[in-house]
Amino acid sequence: MRIIDAGFLRSVTGIDQRRPLALPEVCFVGRSNVGKSSLLNALAARKIARTGATPGVTRLINLYTITWEGEGRRGRAILSDFPGFGYSKVSQGMYEGWQAMVEGYMAGNEWIRRVLWVFDMRRDFDRLDAMLLEWLRARGLGFSLILTKADKVSRGASLERQRAFRRSLGQEEVFVFSSKDGYGRKEVLFHVARALGKATS
Ligand code: GTP
Ligand code: MG
């Protein structure tokens, strides 16, 4: 898969502002500062989403439209970049606020084909991650875990992390990725293409 065109569409806070667009969608969710916007830029091979060292850079749900091409097919889709949760001390309350917005956006959004749960591979799941996991499962949202910042650890260690997360989640869709050196980019793109392809075939 290749993304041949990509651009910012609009920022939204709920499903109503998204609704008229009958395009398949892949959502990027996860904690603050883990590299959601960087992943989106790396996949699109363009800097369309703002990134930054300070947590909380993305505050609204930012929608991007892409045109992709691959395996003899071409299609349009939406990539949605979510604000991060859980960087402040009042993280439980903040998580609940975050979840209410995400809930409002995802409930009844029949265009979502996959949720990419972006996770800093140097961390372990804590209470907030467990809450997100439970919520995704309760909602029946298919998700894939993208373990970012692979350039910060050795290759062997990152593959060990991948195995550990596969075991604990009981699913194969766990990817190792680095937006710094592009490691894993092809696999994640292929995965996204498959999710989107299901919608257009
Ligand atoms: P919020 O919008 O605040 O929730 O953050 P985000 O998850 O969108 O993270 P963002 O992409 O803005 O990246 C946060 C910081 O991590 C930036 O300084 C990035 O340059 C850095 N970063 C992101 N991905 C990687 C990576 O794979 N490796 C390394 N070394 N740094 C990364
Ligand atoms: Mg961001």
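Guide: Start with two paired strands. E2 and strand E4, residues 73-81, run in the parallel sense and share four bridges. Within this pair, Val-26 faces Leu-79 of E4. Keep in mind that this is a predicted model.

E4 also pairs with E3. Here the sense is antiparallel, over nine bridges. Gly-70 stands opposite Arg-73 in E4. The hairpin of E3 and E4 has two residues between the strands, and in it Glu-71 takes a positive phi near 50 degrees.

Now step back to the whole sheet. It is open and has seven strands, in the order E1-E3-E4-E2-E5-E6-E7, with mixed pairing. Strand E1 (2-12) and strand E7 (174-176) stand at the edges. Each has a single partner strand, so one side of each is left without a neighbour in the sheet. From one strand to the next, the twist averages 25 degrees.

Move along to E5 and E6. Strand E5 covers residues 112-120 and strand E6 covers residues 143-148; they pair in the parallel sense over six bridges. Leu-116 stands opposite Ser-144 in E6. Helix H3, residues 127-139, packs on the sheet and touches E5 and E6. The direction of H3 makes about 165 degrees with that of E5. Helix H4, residues 155-169, packs on the sheet too, touching E5, E6 and E7. Its direction makes about 170 degrees with that of E7.

Next, the nonpolar cores. The largest has 34 residues, and Met-106, Val-115 and Trp-117 have the most contacts inside it. Several elements give two or more residues to this core, among them strand E2 (25-30), strand E3 (61-70) and helix H2 (91-106). E5, H3, E6, H4 and E7 are also on that list. H2 gives the largest share, six residues.

Leaving aside residues up to four places away in sequence, Trp-117 touches Val-29, Gly-30, Phe-125 and Asp-129, among others. Its contacts also include Leu-132, Leu-133 and Leu-136, as well as Phe-143, Ser-144, Leu-145 and Ile-146. A second, separate core has 26 residues, including Val-26, Trp-68, Leu-79 and Leu-189.

Ser-144 leads on to a histidine. His-191 is found in helix H5, residues 185-200. Its relative accessibility is 14%, so His-191 counts as buried, the cut-off being under 20%. Not counting residues up to four places away in sequence, His-191 touches Arg-114, Leu-116, Ser-144, Glu-173 and Phe-175. Leu-116 and Ser-144 are the pair that stand opposite each other in E5 and E6.

Finish with the open space. The largest pocket holds about 420 Å³. It is lined by 25 residues, and the closest to its centre are Asn-33, Val-34, Gly-35, Ser-38 and Gly-52. Helix H1, residues 36-44, gives the most to the lining, with three residues.

At 34% relative accessibility, Asn-33 counts as partly exposed. Ala-45 lies in the loop between H1 and E3. Ala-45 has a positive phi of about 55 degrees, although it is not a glycine. With a relative accessible area of 57%, Ala-45 is exposed.

How values were computed: Residues numbered from 1 in each chain as written. Chains lettered and ligands numbered in written order. Predicted model: local features only at pLDDT ≥ 70, side-chain atom pairs only at ≥ 80, totals over all residues. Heavy atoms only, no water. Pairing = 2+ DSSP bridges. Axes fitted to C-alpha atoms, helices over the stretch in contact; angles between N-to-C directions. Contact = heavy atoms within 4.5 Å. Core = buried A, V, L, I, M, F, W, Y, C linked by side-chain atoms within 4.5 Å. Buried < 20%, exposed > 50% of the residue type's maximum accessible area, 1.4 Å probe, protein only. 1 Å grid on protein atoms, 1.4 Å probe; cavity = no way out; pocket = protein on both sides within 12 Å on 5 of 7 lines; lining within 4 Å. Points joined across faces, edges and corners; volume = space filled by probe spheres on them.
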